[in-house]
Structure formats: C-alpha cells, structure tokens
Number of protein chains: 2
Amino acid sequence: MAVYTQLSAEQLGEIVGAYDVGELVSAKGIAEGVSNSNWLIETRRENGESTRFILTMYELRIELDDLPFFLGLLDHLAEHGAPVPRTIHDRNGAAYRTYDDKAVALIEFLPGVSVDHPTPAQAHSVGAALAEMHLAAASFDQSRTQSMGLGAWDWLINECGEQAMAAIDPELPDTVFGELSWLAGNWPGGLPSGVCHCDLFPDNVLMLGDEVSGMIDFYFAANDFFAYDLAVTHAAWCFEKGGAPFRPDIAEALLAGYQTRRTLTPAEADALPALARGACMRFISSRAYDWINTPADALVAKKDPRDFTRRLQFYRETAHAAFPL
Amino acid sequence: MAVYTQLSAEQLGEIVGAYDVGELVSAKGIAEGVSNSNWLIETRRENGESTRFILTMYELRIELDDLPFFLGLLDHLAEHGAPVPRTIHDRNGAAYRTYDDKAVALIEFLPGVSVDHPTPAQAHSVGAALAEMHLAAASFDQSRTQSMGLGAWDWLINECGEQAMAAIDPELPDTVFGELSWLAGNWPGGLPSGVCHCDLFPDNVLMLGDEVSGMIDFYFAANDFFAYDLAVTHAAWCFEKGGAPFRPDIAEALLAGYQTRRTLTPAEADALPALARGACMRFISSRAYDWINTPADALVAKKDPRDFTRRLQFYRETAHAAFPL
C-alpha cells in the first residue's frame, strides 16, 4: 500500500485533460499497488455523465519498458470477454503518457471487493476467470519472458545469503537450497503455455458476491505454463492466512471452476504438485529478499516468507492429494 | 496519509451491514486522515442504485469522547445548508459504532478536489463557506473546549525543549518563546465566538471548479472566536507552498467572500493580525512537537514547522496590511 508521489488536483487535472473523459471532479490517493501510486478518480462530462477510473503512476523504471505489453494485454483480454479493466487511451491514442518523467496510465474502474476468506463458490468463479484469461490470451500477439522463474528464484536466494535467511527462520536456508535443487531436477517441460497472470492472489481479484468482477494488477504477467499460473493461484487461495491450514473445499472448487472453461491435459495434471512447489519458491524467494533488503522506514508492509514455507511443506507432503481433480 | 488498520472485505461488509445502505460493492483504502483510517466505499441497493461513502475508523482514543460532537456537528451544519458531508446513522440511529474496539463512522461522500494553488475565485468561495459554517453553527447545541489554544501551544513548545527546536532551526527557540510572551499579552478577548473548524487548509476543502463542494475533517473543531478561524484560514490559504511569498489577491478574495455572508465587527477586524500570529504559533507548536516526536518509520509525512515561522514573520512585519478589508 502506498502513494509514493503526491500530485495536486491541478496536476491530476492536467493529466486527465489529455483524455477525452470530461473534467476531474474527485481524486483520492488509494492504498494499492506496491510499486506504483494510484488514485481513484472521477470525471464528469458536460452532459452530467460521470465515470470513475484508476489513475496509475509507475514509480519503477523497470516497468516502463513492459508497459505496452501490460496495457495492451488488458485491452486484448477485455475485448475477448475476460473480466479485466480496459486501458483508456489518450486523445492521441496512446495507452500511457509520461508526466514529470514518470509513466501514467488511466485504467477502467471496476466494482467489486477483494475477499480475505473466499467461499468455494468464489474459488470456483476465480478458477473459471483464470481459464478464460488463458483462453483469451491465446490470440494476443505480444509476449513477455518470465522474469520470475527458476533462475530468478535461485538468484534472489543467493543474494539473501544463508545468514540473513537463518535470521528469519533457522531452517530457511536448508529448505530453500534443498528445494531449488529438487526443482531444477523436476521442473516439467513442454506443457501448454501462453500469457499468464502469475500473481492472482485474492488481493488482485474483485468480487461481486460469488462472481469475479475483475482481475487486476497484471504487472507480473508473463509467458509461462498455464498450469503454473493455476498452481500459483492454488497456492494463493487454498490456505488460511499465514499459510495453514489447507482448505480442500477451495482447492476442489478452484480446479473444477478452471476446468469448466479449459480442461487440463494429463501432463498438466501430473505436473501440478511440482508447479505448486515452484510457486511457493517464487514467493519465498522474493519475500525473503524484500524482507532482508527493505529499509525499516519503507512505506510498504513486508510480507513474511514463512507463509510460503508452510505451504511448500504441505505440497511436499501431500503431492497429488492437494489437487482433487 | 495512512491506512492504519487493514480490514478485509468481509469485515467492511459486516460494518456496512449495520446501515440501511445496500450491499458493499467496492472498498478502497484511501490516503487521507492523519489519525484515522479511511475507505472510499460504494454500496448498491436491490434496485441497482449505488451510493458512495467515506468509512472512517478512529485510531486514537482521544477522539472517541468527542465523536458525538464532531458527528453531530456535521449533521447540524449539513441540515443548515453548509457544504459539509452528513453522518449516516446506523439502523438503530447511532452516529457511530464500535468495531474491534475502535469507533467507526459512515460519512457522506462529496465530490470535489482539493486544490494546491487556489485562484481568487476559489478563495472567495472558501471565505463564504467558512462564514456559512459559522452562521449555521450558531444554533448547534453542543460545544467543545478549544484544546489547541494558547495554553496548548505553550505546553507543546516546552515539551519540545530548546535544544531539539534549535536542531530544526537555530532561530526557532527565540522566535517561539518571544512570540508566546507577546501573544499572552496581546490576545484579544470578547470577540464573537462559536463552533469553528480551526483547521481549514486547502486539504480540507473540496472544490468543483470555483465552488466549494465540501468542507471536511472537522476533528479539530472547537468553540473559539470566529475571527480566529478566519485567521487560521488566512494563514493556510494566502501563501505559496513553503509559507512564502504572500498572495494578496487570495487574501482579499478570502476576506471579501467571508463578508458576503457575515460582516466582521470592527473589533474582529482589528484583532486579525494578532489572531493570525496565534494561528501560526498553533501550527508551529504542533508541527515542531510532531517533528521531534514522530518515529522515523512512521507512515505519516512530517510537516515542516518552518512553513509557519515564515508566515509568522510576515504577519509580524505587515500587521493590518495582510488583511485588505
């Protein structure tokens, strides 16, 4: 949660003026996004019609190069019926603009709330929405290399160093080094792939009742195995807060929901336990790195890597039992 | 800016369920309020009608005792035509509820943006809205003792200590101790008084074009001289960011706007320079105290007391010239 940049109403009005959306009538900095600043804004046209948007200012340089991919993906998915917000283009047709040396984009506002304790019906709906996204992404003509794959986990863990990791949890170094070797020898190959969300936590899903009204925050989207994206979603949704206990009803509903839209191949089903172990390593490695490297006075709440060592332990023990297909 | 408490959608839904406002369909933590957490929420009734509200959770114990005053004041002012948001009452008629040992209130959402660099037309509108508030407050049957008056400034400054203040600015101790004695000997008495906002910075005013659409954040409201409230507003609006230079066009418009609704008595007009010096001391003392006592890792951005030593210096030098009546 953060608003890194303070923009005045006059500055926000100047940004909004580049879009054919009417006059700015409200703007609230919102506590969302870990590497960008966001405002929930409202504009009003002369005929009185008002519309809401999310205005995002990208704070990290790295995202700028990928913005045409991220924003183009939103447009493509929305056009193909997946529940994601559209990018609003400016009067010149550009998907993003630069303001004060930073990129800004105007994104459709979608209603819905992010649940903390999903019901099976909600998990079913999330599974279906994820599969819809995978199907819709098939015709998207851009791609983005996975920058948070096995090689990145390995790099992040080595950057952390044994001592700093042991300060988080004495067992952490053994766990992660052992797991990285196991994954290197057991990572599947040749599964159906395409653009994946790769970070579909409950935070990034908006719900209206039991239905998904929006999937948001595609800033980790990359080409990968669809089944890996499903495994990430499984790891993100099927456990109580803190990473335990496992919720089998949610797992069953998530997988069933996914398969209402897209049937897993036998090879995908077979690979799910290994992919879920990889999903845990993905979040253990980035969280451990951030835990060790985030200054104490940062505005961002640090996330505990141990939430995912618990899940990893569970996936190691249960293997296919965690995936009731 | 802060969201101190994390509430899940389920918890927010539970809170909102106590009000006759429909179902929660959106909730965004917003970066407003320095001692409370705020969400911009949207609810939808069965007939499809949707409404927005600000949900506030009060984080500091001290405000709880004063809540009936603050929330009752909003209702009273709104009923009497002043541009302030109403308090929404729950199904049992209560203006606030407690949730998880903290008080929460549901407040009407008003459109509008807070300007950084006001135009004279906007300052005129602010003056008029402040006077409307003073007139409307006359029939309010509750009162609240000013807890941020001369005695409090003195206490805060003494708590800061000379050495810590000198670390902010070598001249600060002499300035404030000298000013406190001057104010003690020159503070006016017997001026028209009633409930005042006492903190009407641009942040706390919502504007639609040149018109005030809302005055918000009444959590420093207290009984005091109306002319002191006008002096606070003068000190808050009539200078460029950082406390200099002075903007005479804004001062003239603010005072003229105020007098379209309420004419200042000769004694009030005469007292304005001293009251403005007091207004500066009010913000110097609280900002110096917070500057010295806020932990480095706090989520709240510290405000520089020197913005108001510059204004104080200006008021000392110009006296009545700063108040073109």
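Before I go on, a word on what we are looking at. This is a predicted model, in which local features need pLDDT of at least 70 and side-chain atom pairs count only at pLDDT 80 or more, while totals for chains, interfaces and linings use all residues. Residues are numbered from 1 along each chain as its sequence is written, and chains are lettered from A, and ligands numbered from 1, in the order in which they are written.

To stay with that aspartate for a moment, Asp270(B) sits in helix H9 of chain B, residues 266–293, where helices (H or I, at least four residues) and strands (E, at least two) are DSSP runs numbered from the N terminus.

Now to the layout of chain A. The domain assignment, whose bounds come from an automatic or database source, gives domain 1 as 9–108 and domain 2 as 120–322. Their C-alpha centres lie 28 Å apart. Where the two domains touch, 16 residues of domain 1 are in contact with 19 residues of domain 2, two residues being in contact if their C-beta atoms, placed from the backbone, lie within 7 Å. The side that domain 1 brings to this contact divides into 10 nonpolar, 4 polar and 2 charged residues; here Ala, Val, Leu, Ile, Met, Phe, Trp, Tyr, Cys and Pro count as nonpolar, Asp, Glu, Lys and Arg as charged, and the others, Gly among them, as polar.

Next, how do the chains meet? The contact takes 27 residues from chain A and 27 residues from chain B. On the chain A side, helix H1 (9–16), strand E1 (23–30) and strand E2 (36–44) each supply at least two residues, and E1(A) gives the most, with 7 residues. By class, that side of chain A has 15 nonpolar, 6 polar and 6 charged residues.

Turning to one helix pair in chain B, helix H3 (residues 120–137) and helix H8 (residues 248–261) pack at an angle of about 35° with their axes 6 Å apart; axes are lines fitted to C-alpha atoms, for helices over the stretch in contact, and angles run from 0 to 180 degrees between N-to-C directions. Among the residues that meet there are Ala123(B), Leu130(B) and Leu135(B) from H3(B), and Ile250(B), Leu254(B) and Tyr258(B) from H8(B). This contact has 13 nonpolar, 5 polar and 3 charged residues.

Pro248(B) also lies in helix H8 of chain B, and is partly exposed, with 14 other C-beta atoms within 10 Å. Its C-alpha atom is separated by 9.2 Å from that of Ala321(B), 73 residues apart along the chain.

Finally, some backbone details. A cis peptide bond joins Ala244(A) and Pro245(A), with omega about -10°, and Pro245(A) lies in the loop between helix H7 (226–237) and helix H8 (248–261) of chain A. In chain B, a cis peptide bond joins Ala244(B) and Pro245(B), with omega about -5°.

Asp101(A), which is not a glycine, has a positive phi near 70°; it is found in the loop between strand E5 (97–99) and strand E6 (102–108) of chain A, and counts as exposed, with 6 C-beta neighbours inside 10 Å. Cys198(A) has a positive phi of about 70° although it is not a glycine, but Cys198(A) counts as buried, with 23 C-beta neighbours inside 10 Å.

Terms used:
Buried ≥ 20, exposed ≤ 12 C-beta atoms within 10 Å, placed from the backbone.
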